[in-house]
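Biologist: I want to learn how to read features in a model. Please take me through it one step at a time.

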Amino acid sequence: MEVFVQQLINGLTLGSIYGLIAIGYTMVFGIIGMVNFAHGDVFMVSAFIALIAFLILTSWLGVGLVVLALFIALIVSMLFTSMVGWTIERLAYRPLRGSFRLAPLISAIGMSIFLMNFVQVTQGPRNKPVPPMLSDVIVLMQDGAYQVTISYKQIIIIVVTSVLLACFWYVVQKTPLGRAQRACEQDRKMAALLGVNVDRTISLTFVMGAALAAVAGTMYLMYYGVVNFADGFVPGVKAFTAAVLGGIGSLPGAVLGGLLIGLIETMWSAYFSVEYKDVAAFSILAIVLIFLPQGILGKPEVEKV
């Protein structure tokens, strides 16, 4: 029982990070019908920006203000990563919006390779660690020598993710920008005829997705304490899997998919061979899609005649 509860906490933490990344995938797909394959590398770039900002701030502020340095690093990472997301939309997607469907896909893959190699050249191929921080834990349960604990890092990740998702839901559901996004998702031409600035709406969608990826990147850096230039690939693929599992195009589905992928990984690692945790996650995805091709919360596509 203690192992199950501990892995449940670990799975929620990991799933929160996947969910934040998955929202970027599902937002872009929902509004332009294409997958942004550079989104995983945007996540990786954000972790490096947070790392650099955090190291600079701790050298100025001292190690006694780690939480303040982490918060400022998060803001800095969100700002710079938002600019990266905006640039990707302007360079890799907007010029090719009217071309055949594979052109933006190839362009996004090229942007992904560029970002990964740029970070490798400028930061080096080795892992970049961050000094240990927030290592204290709270004991929730104890049975003999085994304890169920939750660390301060896990609390921060779960709380920050929950607050941001609530804010994000409010923006999408209650603000003019959210209405414009939903209008573009349904029919971009009709939305333009009704006065919606489609180009600006799509750009802001990329910016919002990149900002959430920056939060995920900063949380990932804080949780694992290390980042590498290749870290955009595996978490990016898993987040994309989470978006598909939850129903790509569905924001609640992206969060649900992220949590499920995180829980599957941690539960499998606890009870079975850890080497096959990724195989288990993708196998369950395949099984779900056999019976629910549109994902758990996705809507079946209706072909217009």
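Biologist: Where is the place of Leu8?

Modeller: Leu8 is in helix H1. Helices (DSSP runs of H or I, at least four residues) and strands (E, at least two) are numbered from the N terminus. This is a predicted model: local features need pLDDT of at least 70, side-chain atom pairs count only at 80 or more, and totals for chains, interfaces and linings use all residues. Residues are numbered from 1 along each chain, and side-chain values use heavy atoms, without hydrogens or water.

Biologist: Why does Leu8 count as partly exposed?

Modeller: Because its relative accessibility is 32%. Partly exposed lies between buried (under 20%) and exposed (over 50%), with a 1.4 Å probe and protein chains only.

Biologist: Which residues make the nonpolar surface patch?

Modeller: A patch joins nonpolar side chains within 5 Å, each residue with over 30% relative accessible area and no salt bridge (Lys or Arg nitrogen within 4 Å of an Asp or Glu carboxyl oxygen). Here it covers about 1100 Å², and Leu8, Phe4, Met141 and Tyr271 are among its residues. H1 gives the most, 4 residues. Strand S2 (137-143) supplies at least two.

Biologist: How many cavities of 30 Å³ or more does the structure hold?

Modeller: A probe the size of a water molecule shows where empty space is left. A cavity is where a 1.4 Å probe fits on a 1 Å grid but cannot get out; lining atoms lie within 4 Å of a point. There are 2. H8 gives the largest share, 3 residues.

Notes. Patch = residues over 30% accessible without salt bridge, like charges linked within 9 Å, V, L, I, M, F, W, Y side chains within 5 Å. Areas by Shrake-Rupley, 256 points an atom, 1.4 Å probe, with all protein chains shown as cover. 1 Å grid on protein atoms, 1.4 Å probe; cavity = no way out; pocket = protein on both sides within 12 Å on 5 of 7 lines; lining within 4 Å. Points joined across faces, edges and corners; volume = space filled by probe spheres on them.
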